[in-house]
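Opening the notebook on a new model today. I'll jot down what I look up as I go, starting with the strands and ending with the pockets.

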Amino acid sequence: MTAGLLSYASWAGLARLLLVPLLLSICAPPLSAVADEQGDAIKLVETVRQAALVLGHGGPAEAQLRSISAAFDGKGIAQAVLGTRWRSASADDRAAVIDALLYAIAHGLADKLERTQDKTFTVLGTKTLANGDTLVRSEFRRRLHGPTSVDWRVRRCRGQLCIGDVFVDGGSVTVRQRDRIGQILAGNGGSIPALVVDLRKGRV
């Protein structure tokens with residue numbers, strides 16, 4: 001009886017040892033796929049940086065704004081920024097906020113990056129986060145300034161990679177926008193059209 005129990009326990013233990021690696025191999029994405037995703041995330045960040053540089057140097061604004069807007073998860077950022085107000089906003093107000101937020105983000109990046117050059121911008125590496133997002137870590141240097149860290153949170157949206165947030169020196173752009181926009185809405189009676197005007201004029 002004891003021998004039988006030991007035998008069963010031994011087989012059960014062996015089965016677990018064999019099953020765990022098998023499940024991990026099935027559930028975990030191939031290393032090559034992870035590397036490709038991280039490489040594509042870096043390319044997306046570089047595309048946004050180049051567009052922001054052109055915009056910051058007075059290049060064709062419309063084309064660069066389109067390029068930057070397409071790279072960001074505008075809807076996700078707008079939902080995070082508006083919070084509970086998103087649910088009660090009309091479709092037109094939602095679309096206007098998304099466009100105005102992306103406009104503000106694009107010009108904010110242009111202001112920060114306009115005096116940088118290729119040799120002063122460095123991608124430090126990538127990291128896969130617990131929820132599957134990719135964090136692209138970078139830094140840039142400006143004359144008379146120390147290095148500024150800029151981390152880009154890249155995720156899948158609309159069937160492609162997009163940027164869900166940017167962290168400048170550890171601070172989330174989305175959180176900063178959320179806090180500032182909350183103050184503006186509290187002061188203007190909750191008017192989203194007035195908020196859009198403020199975003200377009202660079203007041204946020």
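**Strand pairing.** I began with valine 136 and looked for its bridge partner in E3, which turns out to be tryptophan 152. A reminder to myself before going on: this is a predicted model. The strands behind that bridge are E2 (residues 134-140) and E3 (residues 148-157), and they pair in the antiparallel sense over 7 bridges.

Next I followed E3 to its other pairing. E3 and E4 also run antiparallel, joined by 8 bridges.

**Positive phi.** In the hairpin of E3 and E4, with 2 residues between the strands, arginine 158 has a positive phi near 55 degrees. Aspartate 169 shows up as well: its phi is positive, about 50 degrees, and it is not a glycine. I placed aspartate 169 in the loop between E4 and E5. Is aspartate 169 buried or exposed? Its relative accessibility is 52%, so I put it down as exposed, the cut-off being over 50%.

**Whole fold.** I stepped back to get the order of elements. I count 8 helices and 5 strands in the protein. Read from the N terminus, the order is α-α-α-α-α-α-β-β-β-β-β-α-α. I also checked burial: 36% of the 204 residues count as buried.

**Rings.** How many aromatic pairs does a search of the whole structure find? The search came back with 0. Charges over rings gave me something to write down, though. Arginine 49 lies over the face of phenylalanine 121, 4.1 Å from the ring centre. Arginine 200 does likewise with tyrosine 103, at 4.8 Å from the ring centre.

**Largest pocket.** I then turned to the open spaces. The largest pocket comes out at a volume of about 340 Å³. Its lining has 20 residues, and the ones nearest the centre are Ala104, Gly108, Leu109, Arg176 and Gln177. Which elements give two or more residues to this lining? They are helix H6 (91-113), strand E4 (160-168), strand E5 (171-172), helix H7 (173-187) and helix H8 (192-200). H6 gives the most, with 8 residues. Sorted by class, I get 9 nonpolar, 6 polar and 5 charged residues in the pocket lining.

I find 1 cavity of 30 Å³ or more in the structure, and the largest cavity has a volume of about 30 Å³. Which residues line the largest cavity? I wrote down Phe72, Ile77, Ile105, Asp165, Val166, Val173 and Thr174. E4 and H7 each supply at least two residues of that lining. By class, the cavity lining divides into 5 nonpolar, 1 polar and 1 charged.

**Cross-check.** Comparing my two lists, I see E4 and H7 named for the pocket lining and again for the cavity lining. E4 also comes back from my strand notes, where it pairs with E3.

Notes. Residues are numbered from 1 along each chain as its sequence is written. This is a predicted model: local features need pLDDT of at least 70, side-chain atom pairs count only at pLDDT 80 or more; totals for chains, interfaces and linings use all residues. Side-chain values use heavy atoms; hydrogens and water are left out. Rings of Phe, Tyr and Trp (its six-membered ring) pair if their centres lie within 6.5 Å; planes under 30 degrees apart count as stacked, over 60 as edge-to-face and the rest as tilted. A charge sits over a ring if NZ of Lys or CZ of Arg is within 6 Å of the ring centre and within 35 degrees of the ring normal. On a 1 Å grid over the protein atoms alone, a cavity is a set of points where a 1.4 Å probe fits but cannot get out, and a pocket is an open set with protein on both sides within 12 Å along at least five of seven lines; lining residues have an atom within 4 Å of a point. Grid points are joined across faces, edges and corners, and a volume is the space filled by probe spheres set on the points. Helices (H or I, at least four residues) and strands (E, at least two) are DSSP runs, numbered from the N terminus. Ala, Val, Leu, Ile, Met, Phe, Trp, Tyr, Cys and Pro count as nonpolar, Asp, Glu, Lys and Arg as charged, and the others, Gly among them, as polar. Buried means under 20% relative accessible area, exposed over 50%, partly exposed in between (1.4 Å probe, protein chains only). Two strands pair if DSSP finds at least two bridges between them.
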